[in-house]
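Subject: Handover of a structure and findings

Dear colleague,

Please find the structure below, together with its sequence.

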Amino acid sequence: MITFSNECILSLAHYHLDKHFHLLGLCKLCFQVHSNKQHSKMSSSGLHTNALSAQYFYIAPLMVSPLGVIQTVFPGAFMIPFLILLVLEGIPLLHLEFAIGQRLRSGSVGVWRSIHPCLAGVGIASMMVAFTVGMYYNTIIAWVMWYFFNSFQDPLPWSQCPLNENSTDVVSECARSSSVDYFWYRETLNTSASIEDSGGLQWWIVLSLVCAWTVLYVCCLRGIETTGKAVYITSTLPYVVLTIFLVRGLTLKGSTSGIIYLFTPNLEELMNPKTWLDAGAQVFYSFSLASGGLISFSSYNSVHNNCEQDAVIISVINGFTSVYAAIVIYSIIGFRATESFDACLNGNILALLNAFDLPEGSINESNYEETLNRLNGTSPGIIQGLDLTTCNIQTFLSQGVEGTGLAFIAFTEAIIKMPASPVWSVLFFIMLFCLGLSTMFGSIEGSVVPLQDLNIFPKWWPKEALTGMVCLVSFGIALIFAQGSGNYWLALFDGYAGSIPLLIVGFCEMMAVSYVYGIDRFNKDIEFMIGHKPNFFWQATWRVISPLLVFVIFVFYLGTTATKELTYIAWNPEWVKTILPQYLLNS
Amino acid sequence: MFGLLLLLCLPPALGAVDFSDYENGYQVRLSIKTALGDEAYEWNESEMFLFRATIAFAMRQFTKTEAYGIDNIVVRNQTQRVSFWFIVTSPENPAQTVEKETVEKAIRRSRNRINNAFLLTDKTLEFLGIPPTLAAPISPATPPWLIVFGVVIGLVCAGIVALLTSSVVKRRRGNKAKQLPEEEDPAKGTDKGITCEDRNGVYNQGFSDDDRLTQL
């Protein structure tokens with residue numbers, strides 16, 4: 001999942017800037033003059049502007065990584081690869097993109113074209129990735145909006161199963177899974193049983209999709225101007241909500257078990273190359289590297305802006321935000337797992353009480369095991385007949401924490417167990433919406449600006465029309481995801497449209513700057529911009545470590561994917577079993 | 001309660017109903033502690049009396065007669081779980097049991113009253129074999145989500161229209177301003193009066209103080 005940075009947007013909003021420079025035809029003298037002009041302009045409009053921008057740069061960091069966290073598997077072992085790759089991969093590439101954009105002062109296509117005409121393809125690839133990812137990502141936002149619309153009622157619609165025709169019992173699909181699953185798979189998605197079976201357009205999802213794209217359009221209408229204002233809300237609100245959830249989460253029973261689970265390293269997972277790939281991809285997503293958005297945004301910065309400092313600080317804040325969001329999420333997951341475990345155990349205890357007609361309260365959590373063993377010794381036949389399920393909290397903790405299931409199943413289930421559920425639901429989905437929207441800003445910028453640079457559309461077309469065009473086309477294609485099988489299509493895009501292209505583009509970027517543009521020339525440019533040469537860490541990572549890491553991850557990934565059979569997870573009501581709460585079958 | 005158990009084991013002298021005929025009987029199971037927690041009451045003879053009275057009440061309501069009395073409800077096999085079997089005997093002939101279906105219908109009709117008498121619910125006062133009648137969830141005429149959707153879409157469309165019209169207005173104003181004398185040296189905008197021209201003397205538009213492009 002792509003997560004894009006928006007701190008760049010904020011920084012620009014406050015630089016009192018009114019130009020978008022194209023690099024071709026730039027004379028050094030003019031450059032010098034203009035940069036002085038910028039400084040004077042900035043200082044005249046106030047240290048205020050400068051201070052404000054610096055402040056926003058540091059305070060309103062990359063918010064979107066948490067949404068990426070929510071989207072991907074985030075088991076205990078994930079933290080370590082993520083943090084390692086953040087330092088070795090994320091920070092160098094971030095600094096590189098900032099520096100190159102700031103120096104060459106163009107959008108992504110222009111930058112690569114100016115380094116070498118053949119490299120324009122890198123810019124075009126970035127644009128394609130930004131477009132593709134933006135297209136499917138907004139569908140997730142449409143789902144978030146659907147849940148948001150449905151949160152304004154008490155009791156929440158996913159807390160109860162609907163009744164069947166005779167009103168004797170609940171609908172069987174719901175009874176066999178859970179009300180939360182039923183609401184997600186049936187009432188929201190109306191999933192078909194396989195990807196081949198399209199199931200037709202689901203009108204309520206189409207409406208939500210329309211809503212999502214129009215909200216995005218209103219925020220990106222005039223490009224940076226409107227986006228800069230929207231970002232005030234989309235950046236700060238998630239932090240507020242996260243803190244509220246943290247307080248709420250920590251007061252719930254079982255939250256600590258979730259947090260412990262988050263930080264427990266799992267050595268098997270660490271050995272698995274897929275974990276490292278996911279962590280790498282997550283780093284790319286959370287900084288929105290290799291998408292073209294960063295280069296474009298930083299080209300608006302003053303040429304003497306300290307991009308090195310910005311890169312480091314943003315990375316640190318991003319890392320902190322990811323960890324913070326993960327803690328909040330896992331405290332809620334821990335609560336949910338504990339509740340499920342208690343329900344499972346109580347179910348077993350009730351079955352035992354009923355079968356042996358023992359008084360209530362004679363079996364509780366502490367003596368369950370020994371009582372069970374004793375009864376199994378005296379009457380094993382009856383125990384067999386009861387078919388008790390073993391309750392293991394670790395199983396519950398690892399269930400349902402992947403993909404969209406985390407937000408729409410696990411979290412919604414936890415929310416209905418809290419008092420005053422509609423309030424928590426509204427807050428949660430507003431937060432997700434803001435996070436997703438800020439991702440989309442970067443995506444739209446990454447799609448629209450190269451279109452302008454490539455002169456595909458006539459020059460007299462205003463920016464509003466261009467943005468509208470992109471939104472409309474994306475919406476049209478995204479109608480695929482509004483079908484019955486839309487969930488499967490989205491999983492497909494999610495798995496393959498984002499991670500691989502980003503890795504490749506990132507790799508090409510680093511090779512292009514280090515070896516085609518020349519690392520020495522680049523060092524001189526940075527010295528010109530910020531006053532000192534980049535130190536050994538940057539040299540080592542740009543030249544060797546980062547490209548090598550990306551290459552290794554890519555090779556491993558190709559190896560593991562090519563050898564195994566491709567499967568996807570489907571929801572088929574006919575195959576649903578009665579034992580597991582999550583009914584996910586491989587087909 | 002143990003006394004009762006002992007009593008029940010003795011064959012009653014009068015109106016002996018053969019309880020080996022469980023066919024028309026129902027098993028009842030109560031989970032008082034689960035339902036009420038600390039406020040749970042003790043299950044004793046008086047509670048059993050109340051139970052028999054409520055079942056008699058249910059039969060009366062169903063048959064619309066006042067024939068049934070406490071003695072028509074016979075209880076057997078009480079356990080510590082608090083579960084027992086009961087059958088309903090016919091008021092005319094105490095040796096005959098009332099049909100299972102009749103009893104079921106009667107209980108279903110008055111289920112709510114029976115539950116409330118004991119402060120329990122369908123789940124904690126179980127009649128094994130009688131499915132609970134579930135209350136249908138209230139669904140309002142307009143789904144609430146459509147209302148919220150309408151509000152959001154309305155606001156967003158208003159926003160789009162507002163922004164687009166302000167763009168158009170600004171552009172028109174800009175065009176009008178351009179029609180004012182343009183003889184000024186376009187390079188006058190730069191602070192230091194240096195014109196940025198490249199080698200061929202062509203002025204680079206990028207450095208003029210031109211407001212055509214996006215304003216913040």
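A residue is called buried when its relative accessible area is under 20%, exposed when it is over 50%, and partly exposed in between (1.4 Å probe, protein chains only). By that criterion Cys344(A), with a relative accessible area of 15%, is buried.

Please note that this is a predicted model, in which local features need pLDDT of at least 70, side-chain atom pairs count only at pLDDT 80 or more, and totals for chains, interfaces and linings use all residues. Residues are numbered from 1 along each chain as its sequence is written, chains are lettered from A and ligands numbered from 1 in the order in which they are written, and side-chain values use heavy atoms, with hydrogens and water left out.

**Chain A as a whole**

Helices (H or I, at least four residues) and strands (E, at least two) are DSSP runs, numbered from the N terminus. On this basis chain A has 25 helices and 2 strands. Of the 587 residues in chain A, 60% are buried. A contact means heavy atoms within 4.5 Å. Among the contacts in chain A with a separation of 6 or more, 83% are between residues 24 or more positions apart.

**Annotated positions**

Under "binding site", an unreviewed UniProt entry lists Ser286(A), Asn318(A) and Leu435(A). These residues are spread over 150 residues of sequence, yet they cluster in space, with a largest C-alpha distance of 13.2 Å. UniProt positions are given here in the numbering used in this message, feature names are shortened, and annotations may be inferred rather than shown by experiment. Ser286(A) belongs to helix α14 (residues 273–287) of chain A, and its relative accessible area of 0% makes it buried. Leu435(A) is part of helix α21 (residues 421–453) of chain A; at 2% relative accessibility, Leu435(A) is buried as well.

**Cysteines**

One joins Cys161(A) to Cys174(A), with an S to S distance of 1.8 Å. The torsion about the S-S bond of this pair is about -80°, so the disulfide is left-handed. Cys161(A) sits in the loop between α7 (120–149) and α8 (172–176) of chain A, and Cys174(A) in helix α8 of chain A, so the pair ties together parts that are 13 residues apart in sequence. Both Cys161(A) and Cys174(A) are buried.

The sulfur atoms of Cys344(A) and Cys391(A) are 1.9 Å apart and form a disulfide. This link is left-handed too, with -80° about the S-S bond. It connects distant parts of the chain, 47 residues apart: Cys344(A) is in helix α16 (residues 307–356) of chain A, and Cys391(A) in the loop between α18 (380–386) and α19 (393–398) of chain A.

Cys157(B) is partly exposed, at 36% relative accessibility, whereas Cys307(A) is buried, with a relative accessible area of 1%.

**The sheet in chain B**

In chain B, 4 strands form an open sheet in the order β2-β3-β1-β4, with antiparallel pairing. Strands β2 (73–76) and β4 (125–128) of chain B are at the edges with a single partner strand each, so one side of each is left without a neighbour in the sheet. From one strand to the next, the twist averages 30°. Two strands pair if DSSP finds at least two bridges between them; β2(B) and β3 (residues 83–88) of chain B, which run antiparallel, are joined by 4 bridges. Arg76(B) is opposite Trp85(B) in β3(B).

Helix α3 (residues 45–63) of chain B lies across β1 (26–30), β2, β3 and β4 of chain B, at about 35° to β3(B). Axes are lines fitted to C-alpha atoms, for helices over the stretch in contact, and angles run from 0 to 180 degrees between N-to-C directions.

Ser83(B), in strand β3 of chain B, is buried, with a relative accessible area of 2%. Apart from its neighbours within four places in sequence, Ser83(B) has contacts that include Asp357(A), Gln27(B) and Asn77(B).

Yours sincerely

How values were computed: A disulfide is a pair of cysteine sulfur atoms within 2.5 Å.
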